[in-house]
Amino acid sequence: MGDVLLQDLWFHQVDGAVIESVLSEGELVTVRARTAVERAGCPACGTLSARVHSRYVRRLADSAIGGRPVLIELQVRRFRCGERACEQATFAEQVDGLTFRHGRRSAGLQAVLERVAVMLAGRAGARLSQTLTAAVSRSTLLRLIRRLPEPETTTPRVLGVDDFALRKGHHYGTILIDIETRQPIDLLPDRTTATVARWLAGHPGVEVICRDRSAAYAEAGRIGAPDAVHVADRWHIWSNLAEAVEKTVVQHRALLREPNDSSAAGAAAAMGKQELEPPLPSAPRTTGRLSDRVREQHTAVHTLLNKGVGLRTIGRELGLARNTVRRLAHAASADELLVGRWTGRTSILDPHKPYLHQRWAEGCTVARRLFEEVREHGYTGGESVVTKYVAQLREAFPLDPPRKAPSVRDVTGWLTRHPDRLTEDQAQRLKAILARCPALDRTADHVRAFAELMNNRQGRDLGQWINGVQSDDLPALHTFVTGLGQDLDAVVAGLSLRYSSGAVEGHNNKIKMLKRQMFGRANFDLLRKRVLLAARGRS
């Protein structure tokens, strides 16, 4: 019963091998087995042979069990080939599902490491292999990818074409996507017209080409697939429109800031109705260690005085100097001793306080800046005096920080975003900007019209939209319209048909991730094979 259980545990998918024993030696589990077939086929000619030439033991690493590595010691035979014309005189038998030629791992462990290599490769895959108790190096994982068979390349009916960065700013490749299945078909080492046209010519059958508005890809499609319909990608069209909108916003950036700061105006009104200078602290101290000590000493001295004790005796009993006792005895209350001697005196800052009040009402609340300004107006004191007075103003007349003007990027995003995705504050600020700037208001109208045209796939109305833009004084949008005219058929198709190469962008991100995982140790061919294997479910 035990032998049957072990046989089912290790070799449940293997025919032709029998387990003889299982040994546990420390952290290693050793499985001893032998082959059980009578004949084996020659790998060169396929002739079955039963003539045994010799026997030997193969040691194969297998998947770990219970976190312990497993070693299979398999006794195999070498047969003589009975075909005289065969160049292979002898050959070693292979067990399907367990061994393969020149392999030092079982077929199961090899398949696991191949999946790890395709998904993670490099260092990440090496770390996972250690967790699986099948540690291999990152170079070994990359070699496993190279040894995998080349994935088959099919010709899609709807092809998506886009570029991706092999080295950003220096070297770019081309990715080809089947738009209908959203799977990568092939990777090309560059993005030149000749390379893409050569691939299209070698794979006839492409009916629709979804691409960006690159002139190189447009020319490649006309050369390699002259009968294919070109579809300009809607994402790229909208991106080009957003660039034109941004240029328009830049031209009118001076109108983005609100003309008046409401917070400063409110503060000015409040300071006009109230006393501009906050009251200076003229009352005696009521808290603190000094205040508490003076009050205790004053109470103790007057208690002893009421008992008829002399000043000299009081000083000895309380441990106080004679002058201190005399000062406490002459004060009717402790508050007389706690009032500062500088209270009520004028300050060197007094002549400049009206200017500080004015600047504060205008919204300038930075002490350092105010100090520099009053110094230019003749103030000769130190910065600490200004800092303390600004703190008093901040406590008496708190101001909301002035609202920062929206950036060009913010306004561009508000204009090109769906209105339902704007917050209430963003919608109000955009409305105020459009009211101040008629050019941006007209731009917003054109953007909304184009968005409706694109979302409803009304490409037939593009000419009417272009005429409306050309009749308006918006130079950046005129440039955008001129660019549309250079590839008008593809743009109309992109705004009319349901095809779009949006799936390409997602695969571009995947390629970036796969490229980073290989840490620069992989060439283009290895990256291409890994991307295609991962897409075809090899992982």
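Reader: Contact means heavy atoms within 4.5 Å. With that in hand, among contacts between residues at least 6 apart in sequence, what share joins residues at least 24 apart?

Author: That share is 60%. Keep in mind that this is a predicted model.

Reader: Good to know. How many helices and strands does the chain have?

Author: The secondary structure comes to 23 helices and 12 strands. The chain has 539 residues, and 40% of them count as buried.

Reader: Let's pick some helices, then. How do α7 and α18 pack?

Author: Helix α7 covers residues 234-251, and its axis runs 11 Å from that of α18 at an angle of about 175°. Angles over 145 degrees count as roughly antiparallel, and α7 and α18 are therefore roughly antiparallel to each other.

Reader: Which residues make that contact?

Author: From α7 there are Arg 234, Ile 237, Trp 238, Leu 241, Val 245, Thr 248 and Val 249. From α18 come Leu 440, Thr 443, Val 447, Phe 450, Ala 451 and Met 454. By class, the contact has 10 nonpolar residues, 2 polar and 1 charged.

Reader: And what about α18 against α19?

Author: Helix α18, residues 438-455, packs with α19 at an angle of about 175°, and their axes are 11 Å apart. The two helices are therefore roughly antiparallel to each other. On the α18 side the contact has His 446, Ala 449, Phe 450 and Leu 453, while α19 brings Leu 462, Trp 465, Gly 468 and Val 469.

Reader: How do those residues split by class?

Author: The contact of α18 with α19 has 6 nonpolar and 2 polar residues, with no charged ones.

Reader: Switching to aromatics: how many pairs turn up in the whole structure?

Author: The search finds 6 aromatic pairs. Take Trp 465 and Phe 480: their ring centres are 6.2 Å apart and the planes meet at 85°, so this pair is edge-to-face.

Reader: Where do those two sit in the chain?

Author: Trp 465 is in helix α19 (residues 462-470) and Phe 480 in helix α20 (residues 475-486). They are 15 residues apart, so the pair links distant parts of the chain.

Reader: Are Trp 465 and Phe 480 buried or exposed?

Author: Both Trp 465 and Phe 480 are buried. They also belong to a cluster, in which ring pairs link them with Trp 238 and Phe 450. You met Trp 238 in the α7 contact with α18.

Reader: Nice link. Which charged group lies over the face of Tyr 172?

Author: That would be Arg 191, at 4.0 Å from the ring centre of Tyr 172.

Definitions and conventions. Residues are numbered from 1 along each chain as its sequence is written. This is a predicted model: local features need pLDDT of at least 70, side-chain atom pairs count only at pLDDT 80 or more; totals for chains, interfaces and linings use all residues. Side-chain values use heavy atoms; hydrogens and water are left out. Rings of Phe, Tyr and Trp (its six-membered ring) pair if their centres lie within 6.5 Å; planes under 30 degrees apart count as stacked, over 60 as edge-to-face and the rest as tilted. Helices (H or I, at least four residues) and strands (E, at least two) are DSSP runs, numbered from the N terminus. Buried means under 20% relative accessible area, exposed over 50%, partly exposed in between (1.4 Å probe, protein chains only). A charge sits over a ring if NZ of Lys or CZ of Arg is within 6 Å of the ring centre and within 35 degrees of the ring normal. Axes are lines fitted to C-alpha atoms, for helices over the stretch in contact, and angles run from 0 to 180 degrees between N-to-C directions. Angles under 35 degrees count as roughly parallel, over 145 as roughly antiparallel, 65 to 115 as roughly perpendicular and the rest as oblique. Ala, Val, Leu, Ile, Met, Phe, Trp, Tyr, Cys and Pro count as nonpolar, Asp, Glu, Lys and Arg as charged, and the others, Gly among them, as polar.
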